[in-house]
Amino acid sequence: MAEDTPSQFAELAQFTLDRASLRRLPESFCRRNQVAVLDKVDPQADGAPVTVGMTNPDQPSVLELITEFLRRPLRVVRLNPYEIESALEVGFGAGPRVTADVVLTAGMRMSSPPTTVELVEHVLVSAVELKASDIHVESYFDDVDLRYRIDGILHQSYTDIDPRSLPGVVSRVKVLAGLDITERRRPQDGRLRALVERTEGRKVVDFRVSVVPSPAGEDVVIRILDASVGLVPVAKLGMSPAMQAVFLQLLANPEGLVLVTGPTGSGKTTTLYSALAQLNDGLRKIVTAEDPIEYYVPKVNQKQVTPQMPYATLLRALLRQDPNVMLVGEVRDLETGSMALTAAATGHVVLGTLHTADAVGAVARLRGLGLDDVDVADSLLAVLTQRLVRRICAQCTVDMRPTDEQSKLLGRLLNGVRTQVGQGCAACNHTGYKGRLGIFELLVVDPDLQDLIARGEPTVHLRRHARAHGLRTLVEDALDKVDAGITTVAELVRVVPYRHILTTRDERYGNESDEEA
């Protein structure tokens, strides 16, 4: 953390501006938080403090992230916004021109009755302020529902949108997202960018829009892509220290395929971007093939998959761009999978996603795409499976015994585990939870497992080997976080598939009855 946080402004002229040192923090992070590394940083002097200029040093969370990135003690000085921009221009060049489809103002007041424009802007800015991941506007014959997905859970919200004003609201959203307002019979997808004006400064937020016809009109779902929360250091994902160390070793490997698996909304994209940030040291060329591009990362060559340029075509072209690291948004078919394995076997680190329930199941999924067992065994380095659980609110945590249903399901897995819940308070909007983190299952393909995969052994044998060699399941990782007071048994049961809980319980204690357990 910072050694000191002066309240007085310093002057940029007092400091040396070194391009390499300025680039020790990601450009997007620096511009978003108005931060710049000052003076020349000596890579060999591990314990020496790093001087950092900020417009607002009184931000503990930002200071903590800077420390995570730099791994050094900080000496913080206060600069004005012009000086920060001047320093960043030395490090990264002129900042990007901000173009937006709409300007939103936090705390905006609506007229009575509100206009269509005000209704749409209020919904969008409210979602950003609530840190929601999605907005749901649902039409019924006699009502309109507005719901925000916050920490993975949908919350109903009051809205002035009614069946009479809904068509105007949908049309306004379509106009902003570049969709056809006359088309009401077919689904449409689009994207819009908003510049959000807040007391603490401006920020740019992207919204991905999906409009689908319904019997009562049209339903709208909007995904919020807030770049300010998109780049998370690997240390903040929620991995245990041992797992994090292994994951970082895997990323440092010169070649091989690392897959991140899990259902939609399980945080796979956040983990992949964390990995990219870890690898983006300026010494390697990083290229991505994404559908769609969710967050733009400075100095990473991101490419959008289109109908004219599908995954396989794009990957083939990217291999001729002399990359060191490739990110494949999703391994979804034989051709994409073959390209990913070929790239991983020919001197590239390949990161990708796959939809599987657990880590070992990724091998069966790759086989199901028609990929050869030997090729999979040669190229696959590891599979990281994850889910997102809500954190207990630190302000209202109390001890609480598991319910009878939870005790019956988990059995002796709960032995020795301290269970807590959040009672609900103003800090967490009376939900008992505040924020989320991942639970993980990391399968590393060791030489023996590589041999089993190449021989075509069934999934049950692969899993038996992995468990015998230390594979910790999602259930076990979640139970560690329950015992540490980070999350609840209810969250474990909510996000981990039922059969995975039974499998972990039976593997550890055998097929004992609940009474014996």
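This is a predicted model: local features need pLDDT of at least 70, side-chain atom pairs count only at pLDDT 80 or more; totals for chains, interfaces and linings use all residues.
1. Between domain 2 and domain 3 the count of salt bridges is zero.

2. As for polar contacts, one residue pair is counted between domain 2 and domain 3, with both residues at pLDDT 80 or more. Strand 7 (153-157) and strand 8 (188-198) each contribute at least two residues to the side of domain 2 that touches domain 3. By type, the residues on that side of domain 2 are two nonpolar, two polar and four charged.

3. For orientation along the protein chain, domain 1 covers 12-92, domain 2 covers 102-225 and domain 3 covers 234-509. The C-alpha centres of domain 2 and domain 3 are 31 Å apart.

4. How many residues of each domain take part in the contact? Eight residues of domain 2 touch 11 residues of domain 3.

5. The size of an interface is often expressed as the accessible area lost when the parts come together. Here, about 890 Å² is buried between domain 2 and domain 3, and carbon and sulfur atoms account for 49% of that area. On the domain 2 side, the residues that lose the most area to domain 3 are Asp-151, Arg-191 and Leu-225, which together give 49% of what that side buries.

6. An unreviewed UniProt entry places the feature "domain: AAA+ ATPase" at residues 254-378.

Terms used. Residues are numbered from 1 along each chain as its sequence is written. Side-chain values use heavy atoms; hydrogens and water are left out. Domain bounds come from an automatic or database domain assignment. Contact means heavy atoms within 4.5 Å. Buried area is the accessible area (1.4 Å probe) that two parts lose on being put together, summed over both. A salt bridge is a side-chain nitrogen of Lys or Arg within 4 Å of a carboxyl oxygen of Asp or Glu. A polar contact is a pair of N or O atoms within 3.5 Å; within protein, one must be able to donate a hydrogen and the other to accept it, and residues adjacent in sequence count only if both atoms are side-chain atoms. Helices (H or I, at least four residues) and strands (E, at least two) are DSSP runs, numbered from the N terminus. Ala, Val, Leu, Ile, Met, Phe, Trp, Tyr, Cys and Pro count as nonpolar, Asp, Glu, Lys and Arg as charged, and the others, Gly among them, as polar. UniProt positions are given in the numbering used here, feature names are shortened, and annotations may be inferred rather than shown by experiment.
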